[in-house]
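Biologist: I'd like to go through the wording used for this model with you, term by term. Could we begin with the terms for helix angles?

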Amino acid sequence: MPTDESKHRAGSRWTPAVLLAVAVILLAIGSWYGLFVAPPEHYMGEVQRIMYVHVPTAWSAMLLFTFAFGCALVYLFRGGWSWDSRMEGAIEVGVVYAALLCIQGAIWAKPTWGVWWDWDPRLTTTAVMLFAFLGILALRRFVDDPVKRAVWSSVATIIAYVDVPIVYFSVKWWNSLHQQQSSPSTVSEAFYLPLRLNAFGMLFLAIALVLLRARLSALRLRSELAPPLPEPGAMLAATPGGSE
Amino acid sequence: MQLVSALRKEVLLQWRSRAQFFGVLIFGATALLLFSFAIGPDSSALRLHSAGFLWLALLLSSTLTLADSFQLEMEQRALEGLLLLPADERSLYYGKAIANWLQLSALGLGLVPVMVVLYDAGTDRIAELVVVILIGTAGLSAPGTLYSAIATQARARQTLLPLLLFPLVVPVLLASVKATSLLILGDPMGQMRSWIVLLLAFDAIYWSLCGLLFGRVVED
């Protein structure tokens, strides 16, 4: 039967493509506005424009890890393989975003602070977050049993997530070199319009990538969980009168 | 009661394999010696960084003891036998985690004299140093025991444990190093309390969270 499921699949096949297209458009407009229309910042000058990708990357990275944490909780307490696949996708994309975040931060820090890296709480906790989730991806490669892999990486994700709120609040709790969070009420529209466009662009890009990675992970899982194919000899013997 | 029996079993096993403990202690002392070569013979610099070296040596040694902590249970599938007992798996976890904590604390206390001799990093506040080592190693042993249960059952056990554990214990390591450093170098700003509170907070998070999740790690 061409059921709802196949329709659903056909629909979901296009979702990442649509999200990717929207993301590219938003990022293009946001970056154009940020690079050419928005005025340079008073103190930092042109260097500040990296904020239009840096801050959206940070937001999306945190959201991705939060989503992975949610998937881990759901998998552990309710089960369902799709949550394991989603968690893997979210951690993979989250690690890429967190790595990009550190690189963008370093590019910005060199002309502004004079160093690539500073042992400031925000930077330190972000690096810890990156390595903690990178460790979970390594764990997934080292475990062959899909059930154990799913349970253990969910457990590790829940524990590693302890660091994410610390990253977010680090600039408030400690007297940090890194800027505090701004809000639209404290920033002029010329600054927050490109920021907001890019934020949605990065978010849609992240969702599209998670969907693609989750699908890949689900396919890999399906082949792992499939019963092994019978031996060639056994198949020949079974064909004449067999029901197969 | 179940916890007491689990703890008794672990402590007895550790006592019987005490040769390994001394091996790890010598490993830690060797690491302390090597750190001084990295810095060079500058005695003031060595003293300044002594707390960091002590905790790094302890962390490196801890992976050796923690990696083996579930080895006996894995041989001849003894863990399954333990889980079949009408006992809560959490008592098994806490028994092991407390035993690992005691072992790591003993290791830390054993490394202190080496640090004092090599780096001239003595302190008069011995009781406070003991407290810092106790609550610092508590923050290492709780996640370490849980991850050891995972890593022992996976491939590449020796690689996986530090890969999972090290990023996680950065806050504990940082707070322990700071607190120990303040004890050795003096604490004119009275910062000790805040680092102790941070350590206790992480201990509370890790001991409760890891205990809750352990049951899922060993279930089959």
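Modeller: Gladly! Angles under 35 degrees count as roughly parallel, over 145 as roughly antiparallel, 65 to 115 as roughly perpendicular and the rest as oblique. Angles run from 0 to 180 degrees between N-to-C directions, and axes are lines fitted to C-alpha atoms, for helices over the stretch in contact. This is a predicted model, where local features need pLDDT of at least 70 and side-chain atom pairs count only at pLDDT 80 or more, while totals for chains, interfaces and linings use all residues. Residues are numbered from 1 along each chain as its sequence is written, and chains are lettered from A and ligands numbered from 1 in the order in which they are written.

Biologist: Why are α10(B) and α11(B) called roughly antiparallel?

Modeller: Helix α10 (residues 170–185) and helix α11 (residues 192–218) of chain B pack at an angle of about 150°, with axes 9 Å apart. The pair is therefore roughly antiparallel. Helices here are DSSP runs (H or I, at least four residues), numbered from the N terminus.

Biologist: Which residues of α10(B) and α11(B) make the contact?

Modeller: Contact needs C-beta atoms, placed from the backbone, within 7 Å. Among those that qualify are Val172(B), Ala175(B) and Leu182(B) of α10(B), and Trp195(B), Leu199(B) and Phe202(B) of α11(B). The contact residues divide into 11 nonpolar, one polar and one charged. Ala, Val, Leu, Ile, Met, Phe, Trp, Tyr, Cys and Pro count as nonpolar, Asp, Glu, Lys and Arg as charged, and the others, Gly among them, as polar.

Biologist: What makes α10(B) mostly covered?

Modeller: In α10(B), 13 of its 16 residues are buried. Buried requires 20 or more other C-beta atoms within 10 Å, exposed 12 or fewer, and partly exposed lies in between.

Biologist: How do you know that the span of α10(B) agrees with its number of residues?

Modeller: The expected span is 1.5 Å times one less than the number of residues. For the 16 residues of α10(B) that should give 22 Å, and the end C-alpha atoms are 22 Å apart, so the two agree. Just after this helix, Gly186(B) has a positive phi of about 100°.

Biologist: Why is Asp120(B) called partly exposed?

Modeller: Asp120(B) has 13 other C-beta atoms within 10 Å, so it is partly exposed. Asp120(B) sits in the loop between α7 (89–119) and α8 (126–153) of chain B, and its phi is near 50°, a positive value in a residue other than glycine.

Biologist: Over in chain A, why are α2(A) and α5(A) called oblique?

Modeller: Helix α2 (residues 51–78) of chain A packs on α5(A) at about 130°, with axes 9 Å apart. The two are therefore oblique to each other. Their contact includes Phe69(A) and Leu73(A) of α2(A) with Val151(A) and Ile158(A) of α5(A), and its residues divide into nine nonpolar, two polar and no charged.

Biologist: And why are α3(A) and α5(A) oblique?

Modeller: The axes of helix α3 (residues 81–113) and helix α5 (residues 146–160) of chain A come within 11 Å and cross at roughly 50°. That pair is therefore oblique. Asp84(A), Met87(A) and Ile91(A) in α3(A) meet Ala150(A), Ser153(A), Ser154(A) and Thr157(A) in α5(A). These contact residues divide into three nonpolar, three polar and one charged.

Biologist: Which helix gives the most to the side of chain A that touches chain B?

Modeller: Between the chains, 18 residues of chain A are in contact with 18 residues of chain B. On that side of chain A, α4 (121–142) and α5 each supply at least two residues, and α5(A) gives the most, with eight. The residues of that side divide into 16 nonpolar, one polar and one charged.

How values were computed. Contact = placed C-beta atoms within 7 Å.
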